Amino acid sequence: MATVIASNQLDFAFIKSRILEYMKTTGEFEDYDFETSGLSAIADVLAFNTHQNALLGNFALNETFLQTAQLRSSLVNLSLNFAYVPRSKTASQALVNISLNLTTAAVKPEEIFLPAGTEFTATLDDVTYTFRTTEEYTATIDFAGLGIYTFKDEDGNFSVPIKEGVEKVKTFLVDTTLERQVYVIPDASLDLSTLRLRVFEDAADTLGVEYLTPGQLTDFGAETRLYLPVETFNGFYELNFGDGTLTGEAPSPGNIIRATYISSNGAKANGAELFTPTTTIEVNGIAYTPIVTTVNKSSFGAEKESTESIRLNAPLNYLAQGRLVTPNDYIAIISNAIPGVKSVNAWGGEDNVPAKYGKVLVSIIYEDDVSASIKTALETRITDQLTDNLSIISIDTEIVQPDFTYLNLITNIRYDQSITALTRRGIEDKIRQTIATYFDANLGKFNQVFRKSKLAATIDGADASILSSKVSVQMENRFTPVYNATTLRFVSADYRVNFLNKLARPDEDAPIVTSDNFTFNGKVGFIRNRIGETHSTILEIVDTGGNVLSNNIGEYVPETGVVNLRGFAPTAISSGETYLRIFGTPADDHNIKPLRNHVIDLNSNRVKAEPDANVANRVSGVTD
């Protein structure tokens, strides 16, 4: 009777043992000693071949599905089935004011031009990056006629964008002998948003015609000039054209295809603030050096879309079908359209607290620190140019800022010092880094839940010497007191601070709700709920010596996790920040789940390690 090898039993040693078992059942090798025979070597070859084929088959099968593929090239190809083109590397962009001083010029023209490709340099971490304009801008003489010209964009804004990178050109000649010609731009650092394509009839043609991507088209027909850039297996980009009939026009034999683009350094150039012009502008035969003032430092530079992001966004983009109906549609469209986005969440106004009917609310977390003016410009672009064109009529989009709840952790661990070369401080540093890595990988984005059991398991597995761990969790929220810039004082106002979880009931020994230190009536104090024999949910202000400065400034509601402050006006905040931190002890710290625009992140991370005394006694031979 033949032995059946199950498909999930593909270990080399197991396969060999089953082969030998089968050979023994044939009768010819019933008492044969396989260990010292040549048949053992043959069995090794058969088992190895079976094992390798099984692995290759398993890998190949995994790479054919979006949810299991591991290679970027596989994910890119699979995303095409969802009509999704993964984001390329994105050039960092800054906003600057560029002007010319022509006050000494004998003739002052009414209008001057700043050509596309005007270059500027900036240095970050001893590395020099080149930024450039991508369009031509105009400037008119100032109202006083003094000769100060400031360039502006087509909307009249005096801050113009400059992008980091080197402008490159790739030219292809359409071959007359090939049935299907492949056009590949051998540059993995290409920024697809800067790619421009023109097709010329021949070398004598100086105008050419522009080809557009599907996202740039407003309609489609047999005469549409369309191209689709697709990332290849090696990270380069291939240009695909229509078939010349149903899917739009295609370049003809003898045509010349010219692709211009910016090759960028992505996120490495983010944060540049000082820009120096490297080219001059000629006016009436005289060269002038532009004057550059930074409005917003460079930001939104990004690497290629990660494999996990492709895995998530490709099916969402397919479900959206280029229109905005469900919250997931908003997440997919905005994630793909806006560079430098770390996380997006959207929800219907009927699910908001309080409800906002007729609206979809969107919250965005960016990869880098972005100035308020850039956020405002992006929000305007999202609402005016993106969502208004794709959403249902009468449904408005409202951008809501993320609301971070920070966790302060105190971790106590016991470890066996006999099986580790690390000192106590080394163990503590390792656990701190483990916790920080866990938060980076699992939290800091929308809809990511904190589960203490998973964190504890990660801590326990961080080092073989760790015997046990205990994690205490404290929630932290922040609010900004109202400040009057005219009187230079904080204004008395009411505040409502929402925690994600229920708060613990009052305790007579320790406060449940506390705050940062601040100055109040000439003394340094902080907020806490009443403790001792009168412990309650009433909030009071006490100084650092425990003396009550105000016996009732609000209360906290344990069941809802809400902290209410009434008529609160500090004189100054001791930390020097513009915000005040409120701390709360959760009633249950095992699971903390964010909703809507709430996000969980790590703030303080204290670790205390103690060698286990029982282990030390056993090692030394001491018994109780």
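1. In this predicted model, the residues lining the largest cavity divide into five nonpolar, one polar and two charged. The lining consists of Ile 364, Tyr 366, Lys 375, Glu 379, Ile 399, Val 400, Gln 401 and Pro 402.

2. The volume of the largest cavity is about 40 Å³. The count of cavities of 30 Å³ or more comes to one.

3. Helix H6 also takes part in a helix pair. The axes of helix H5 (residues 327-337) and H6 come within 12 Å and cross at roughly 130°. An angle over 145 degrees would count as roughly antiparallel, and 65 to 115 as roughly perpendicular; H5 and H6 are therefore oblique to each other. The crossing of H5 with H6 is right-handed.

4. Which residues of H5 and H6 meet? On the H5 side they are Tyr 330, Ile 333, Ile 334 and Ala 337. On the H6 side they are Arg 381, Ile 382, Leu 386, Thr 387 and Leu 390. By class, this contact has seven nonpolar residues, one polar and one charged.

5. Helix H5 contributes to an open site as well: H5, helix H4 (307-320) and strand E19 (341-348) each supply at least two residues of the lining of the second largest pocket. The largest share of that lining comes from H4, with six residues. About 700 Å³ of space lies in this pocket.

6. In total, 27 residues line the second largest pocket. Those nearest its centre are Ser 309, Val 341, Lys 342, Ser 343 and Lys 445. How does the lining divide by class? There are eight nonpolar, nine polar and ten charged residues.

7. A further helix pair is formed by helix H7 (residues 424-442) and helix H8 (residues 452-460), whose axes come within 10 Å and cross at roughly 140°. H7 and H8 are therefore oblique to each other, and their crossing is right-handed.

8. In the contact of H7 with H8, the H7 residues are Ile 431, Thr 434, Ile 435, Tyr 438 and Phe 439. They meet Lys 454, Leu 455, Thr 458 and Ile 459 in H8. The contact divides into six nonpolar, two polar and one charged residues.

Key: Residues are numbered from 1 along each chain as its sequence is written. This is a predicted model: local features need pLDDT of at least 70, side-chain atom pairs count only at pLDDT 80 or more; totals for chains, interfaces and linings use all residues. Side-chain values use heavy atoms; hydrogens and water are left out. On a 1 Å grid over the protein atoms alone, a cavity is a set of points where a 1.4 Å probe fits but cannot get out, and a pocket is an open set with protein on both sides within 12 Å along at least five of seven lines; lining residues have an atom within 4 Å of a point. Grid points are joined across faces, edges and corners, and a volume is the space filled by probe spheres set on the points. Ala, Val, Leu, Ile, Met, Phe, Trp, Tyr, Cys and Pro count as nonpolar, Asp, Glu, Lys and Arg as charged, and the others, Gly among them, as polar. Axes are lines fitted to C-alpha atoms, for helices over the stretch in contact, and angles run from 0 to 180 degrees between N-to-C directions. Helices (H or I, at least four residues) and strands (E, at least two) are DSSP runs, numbered from the N terminus. Angles under 35 degrees count as roughly parallel, over 145 as roughly antiparallel, 65 to 115 as roughly perpendicular and the rest as oblique. A crossing is left-handed if the near helix is turned anticlockwise from the far one by less than a right angle, and right-handed if clockwise. Contact means heavy atoms within 4.5 Å.
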